[in-house]
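The sequence and structure are shown first.

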Amino acid sequence: MNATALSELELARFNMVEQQIRPWDVSDENVLQALFDVPRERYVPAPMQGLAFSDIELPLIINSEDTRETMLHPKLEARLAQELQLKPTDCVLEIGTGSGYQAALLARLAQQVTTVEVDSRLAAFGAENLKRNQVHNVTVETGDAHEGWGTTEYDAILVTGSVPTVPDALKYQLRVGGRLVVVVGQAPVMTAYRITRSSAASFESTALFDTLIKPLRGVSVSQFKF
């Protein structure tokens with residue numbers, strides 16, 4: 001890559017952060033630095049790399065096959081990472097690996113990330129992206145984790161698809177003091193929440209912002225309409 005191309009690439013990344021992400025109430029300097037450090041274009045399917053910094057969802061088309069999943073808007077990926085309030089010693093569970101980019105961001109902010117993907121094609125795609133970019137503190141696993149994953153308790157949990165309600169099993173996978181960030185609701189009304197485990201049996205919930213994202217795969221969504 002020549003110097004001119006590199007300059008254009010870094011300018012596009014800078015504009016993404018300054019024009020899309022920072023105005024969307026993302027002010028945590030550690031998160032902003034992670035956005036510069038983690039090359040988003042290397043996690044985007046090859047045909048769409050030119051759109052890596054655009055303010056849109058990108059379809060995850062792998063080997064000409066549409067997985068029907070997407071990369072979230074960059075500003076949403078950044079905001080979700082910020083709302084987890086991560087510390088360098090934290091262990092994180094991510095539900096929904098997608099391209100692996102969100103896991104790579106979290107890995108810059110935490111000690112260890114376990115990310116679980118129900119679609120084996122996406123799990124392989126995300127794992128390959130993470131490996132190629134030498135992200136060593138992320139473990140990719142394949143399975144349906146919408147009601148939790150194993151018995152480990154985590155400092156933070158991120159759900160990258162929406163759910164109609166939050167399963168209790170997910171909340172109880174938090175350590176005391178741990179934070180779960182999840183988008184709750186059904187189209188067209190969804191809200192991101194941070195749920196903090198304040199004691200062994202109690203939780204505090206904070207509404208963060210309204211948004212609209214695809215349902216987490218594996219979750220049954222009611223088709224009932226008024």
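Which residue takes a positive phi just after α5? Just after this helix, Q134 has a positive phi of about 55 degrees. The model is predicted: local features need pLDDT of at least 70 and side-chain atom pairs count only at pLDDT 80 or more, while totals for chains, interfaces and linings use all residues. Residues are numbered from 1 along each chain as its sequence is written, and side-chain values use heavy atoms, without hydrogens and water.

**Helix α5**

Helix α5 covers residues 120-132; helices are DSSP runs of H or I with at least four residues, strands runs of E with at least two, numbered from the N terminus. Its buried residues (under 20% relative accessible area, 1.4 Å probe, protein chains only) are L122, A123, F125, G126, N129 and L130. Because they cover an arc of only 165 degrees around the axis, they lie on the same side of α5; the arc is that of the directions from the helix axis to the C-beta atoms. The buried residues of α5 pack against the elements below, contact meaning heavy atoms within 4.5 Å.

| Element | Residues |
|---|---|
| β1 | 58-62 |
| β5 | 138-142 |
| β2 | 65-71 |
| α4 | 101-109 |
| β4 | 112-117 |

**The cavity**

A cavity is a set of points on a 1 Å grid over the protein atoms alone where a 1.4 Å probe fits but cannot get out; lining residues have an atom within 4 Å of a point. The largest cavity has a volume of about 380 Å³, the space filled by probe spheres set on the points, which are joined across faces, edges and corners. Of its 30 lining residues, E69, G96, G98, E117 and T160 are the closest to its centre. β2 gives the most to this lining, with three residues.

Note on methods
1 Å grid on protein atoms, 1.4 Å probe; cavity = no way out; pocket = protein on both sides within 12 Å on 5 of 7 lines; lining within 4 Å. Expected span 1.5 Å × (residues − 1). Buried < 20%, exposed > 50% of the residue type's maximum accessible area, 1.4 Å probe, protein only.
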